[in-house]
Structure formats: structure tokens, C-alpha cells
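Dear colleague,

I am passing on a structure for you to look at. Please open it alongside this note, which sets out what was found in it.

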Amino acid sequence: QLNNIHNFLKKKLKKYKAKIDDIYYCPFHPKFGKGKYKKFSQDRKPGSGMLKKAIKKWKINSSKSFMIGDKKTDKLAAKGANVKFFYKKNNNLNMQLKKIIKNLK
């Protein structure tokens, strides 16, 4: 089911000439995971495992990167990967992105 969602997103974005290079997810949860999936993982926020994997794989400059999220766990994950963090505002995400990028220059 999750792969279907990811494929749908990729297909939808392709219409707008946008591309997702990679998708990361964590199937583990220390409390609600079932069977082998019931365990702690640094990939689950507030851990920054998935961000660190992407940074390493794609040779991302974390000092020139940022993350937008809406939870404290998002902020903690970004901090653990040395990535700037911005809380999602209630306005248009595109407008927020433009403002962040303009201010980073």
C-alpha cells in the first residue's frame, strides 16, 4: 500500500515536471510495531537516521539544506542531522518556500 502511495505521488509530481529522487520510511515502532517491527530505530523521528542516510547517499550539503515540519520531533530530527528547520506555516507552502529560499541567499 505504501509503495502505491509513493508511486501515485511520483506520477502526480511528474505532471508538474517535479521529481522525487528517493523516498525513505521507517517501518519500526517501539510501542505499536508488530512482530519484528516492534523495536526502536534511529530512523524514526525524533531520530535523524533517514536524513543522515539521504545526506550520505546523495552527497547533500547539510549546511545548505533545510527541512520544513510541523512537529517538535521534526525539529529534533533536523537538528540531529545538522539541517536548518522551519515550522510549517498555515499559509501556502509554495509561498513559504520562496520566502525561506530568498532569506537564505
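The notes below go from the overall chain to its core, its rings and its backbone.

This is a predicted model, in which local features need pLDDT of at least 70 and side-chain atom pairs count only at pLDDT 80 or more, while totals for chains, interfaces and linings use all residues. Residues are numbered from 1 along each chain as its sequence is written, and side-chain values use heavy atoms, with hydrogens and water left out.

The protein chain has four helices and two strands, which follow the pattern α-α-β-α-β-α along the sequence; helices here are DSSP runs of H or I with at least four residues, and strands are runs of E with at least two, numbered from the N terminus. The C-alpha atoms fill a box of roughly 45 × 30 × 30 Å along the principal axes. Of the 105 residues, 22% are buried, where buried means under 20% relative accessible area, exposed over 50% and partly exposed in between, with a 1.4 Å probe and protein chains only.

Leaving aside residues up to four places away in sequence, Ala78 touches Leu51, Met67, Val83, Lys84 and Phe85, a contact being heavy atoms within 4.5 Å.

There are three aromatic pairs, counted when ring centres of Phe, Tyr or Trp (its six-membered ring) lie within 6.5 Å, with planes under 30 degrees apart called stacked, over 60 edge-to-face and the rest tilted. One of them, Phe85 with Tyr87, is edge-to-face at 4.9 Å centre to centre and 90° between the planes; Phe85 is buried at 17% relative accessibility, whereas Tyr87 is partly exposed at 39%. Phe28 and Tyr37 form a tilted pair, with 5.8 Å between centres and 35° between planes. Lys39 also lies over the face of Phe28, 4.5 Å from the ring centre (NZ of Lys or CZ of Arg within 6 Å of the centre and within 35 degrees of the ring normal).

Finally, the backbone. Most residues other than glycine have a negative phi, and most peptide bonds are trans. A cis peptide bond, with omega about 15°, joins Lys45 and Pro46, and Pro46 lies in the loop between α1 (2–14) and α2 (49–57). Phi is positive at Lys59, near 50°, and at Asn82, near 55°; Lys59 is exposed at 73% relative accessible area, and Asn82 is exposed at 59%.
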